[in-house]
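The tour moves from one selection to the next and says what is found at each stop.

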Amino acid sequence: MNQHRLTANLVQHVGLISVLLVLIGIFSACSDNFFQTSTLFSIANQVPALTFLAVGMTLVLIVGGIDLSVGSLLALSAAVLGVLMAKYNWHLGTALLAAMFVSGCCGWVNGFISIRFGIPSFIVTLGMLQIARGSTKGITESQSIFIGSRVEWFAQPLEGISLSPAFVVAVLAVIAGQFILSRTVFGRYCIAIGTNEEAVRMSGIRVAPYAIAVFAMNGVLCGLAGFTQTSLMSTADPNGGVGMELDAIAACVIGGTSLMGGRGSVVSSFLGVLIIQVLQSGLAQVGVSDANKQIITGTVIVIAVLLDALRTRWGKSK
């Protein structure tokens, strides 16, 4: 069984890497400037924020939930970080912990209300989306907060390897997320909850603590994403993260994580993030308009969802 699962994961990873290479090949043929180390490093340094969101979203989807508030939680954590550092002169470390604590608490609230009261998570997190966005505009007075060099270093490429500390930390988050999912009891329970929650409950395992913890972890990762976005822009933007919840869900779906729960891989979601970023950067380089970029990206997502549905149906018919 484990051997079969390992083989299936390997085939999936090879398939996603092949898609990535095909996209790089197409855009390299269409643009003289695309296949350059500077372009590829630039793409890598733009993905950390979305990577953090995709890691958390993968875990949430696997337990059978969904979180539509991650973009707003990113903006809220960035706002908390900005206000504490710029207005109250807090040290970066303590301000970052406070920002991650706030977004983690919001994630915990999402999970607690959804799980304890049996309310679909997309409804609860839709409400949190509005609460977090409104709170962000309230504490920043709808003004961007410039922080500058105190946070910029996190998104700047390191000398010698041209990759930013943010990218390195994002990769570590992917490794840690995959380890938790595939090598720990917690991860196995999460997969089991998403596969058959009632069976897990009947076996004497309490579902709520695990599912709520997943939502809280997702909130903490939103805090990291907020810090990453702030370091990239040098500014805490109250309008930041708009639409990123859809990008995170898209990356997970493209990576093969099931919207029905019980199946997914953090590594595959990371490959999904890279595919989305290469697609968007490549389309921009060949001069495709924003409207057409959205149409093409949306088409790719619909195809990924369709393939997921067909795969689920095929799996049930076996």
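This is a predicted model: local features need pLDDT of at least 70, side-chain atom pairs count only at pLDDT 80 or more; totals for chains, interfaces and linings use all residues.

Residues are numbered from 1 along each chain as its sequence is written, and side-chain values use heavy atoms, with hydrogens and water left out.

**Annotated segments.** Begin with the unreviewed UniProt entry, which lists residues 12-35, 47-66, 97-119, 166-186, 207-228, 266-288 and 294-310 under "transmembrane region"; the positions are in the numbering used here, the feature names are shortened, and annotations may be inferred rather than shown by experiment. Select residues 12-35, where the chain is 79% helix and 0% strand and the end C-alpha atoms are 25 Å apart. Then select residues 47-66, which are 75% helix and 0% strand, with 21 Å between the end C-alpha atoms. Helices (H or I, at least four residues) and strands (E, at least two) are DSSP runs, numbered from the N terminus.

**The nonpolar core.** Which residues have the most contacts inside the largest nonpolar core? They are L53, L81 and V278, in a core of 81 residues, where a nonpolar core is a set of buried Ala, Val, Leu, Ile, Met, Phe, Trp, Tyr and Cys residues joined through side-chain atoms within 4.5 Å. The largest share of this core, 11 residues, comes from helix 3 (residues 48-62). Centre the view on L53 and, not counting residues up to four places away in sequence, display the residues it touches (contact means heavy atoms within 4.5 Å): V70, L74, N218, C222, A225, M244 and A248.

Leaving aside neighbours within four places in sequence, L84 is in contact with N89, W90, A95 and A98.

**Aromatic pairs.** A search of the whole structure finds 8 aromatic pairs, with rings of Phe, Tyr and Trp (its six-membered ring) pairing if their centres lie within 6.5 Å, and with planes under 30 degrees apart counted as stacked, over 60 as edge-to-face and the rest as tilted. Select W153 and F154: their ring centres are 5.5 Å apart and their planes stand at 75 degrees, so this pair is edge-to-face. W153 is partly exposed at 44%, whereas F154 is buried at 5% relative accessible area. Now select F186 and Y210, whose ring centres are 5.8 Å apart with planes at 45 degrees, so the pair is tilted. This pair links distant parts of the chain, with F186 in helix 9 (residues 185-195) and Y210 in helix 11, 24 residues apart. Finally, highlight W108, F112 and F117, which form one aromatic cluster.

**Two loop serines.** Select S142 in the loop between helix 6 (121-140) and strand 1 (145-146); its phi is near 60 degrees, a positive value in a residue other than glycine, and S142 is partly exposed at 45% relative accessible area. End at S234, in the loop between helix 11 (207-233) and strand 2 (235-236), where phi is near 65 degrees, again positive in a residue other than glycine, and where 12% relative accessibility makes S234 count as buried.

Conventions. Buried means under 20% relative accessible area, exposed over 50%, partly exposed in between (1.4 Å probe, protein chains only).
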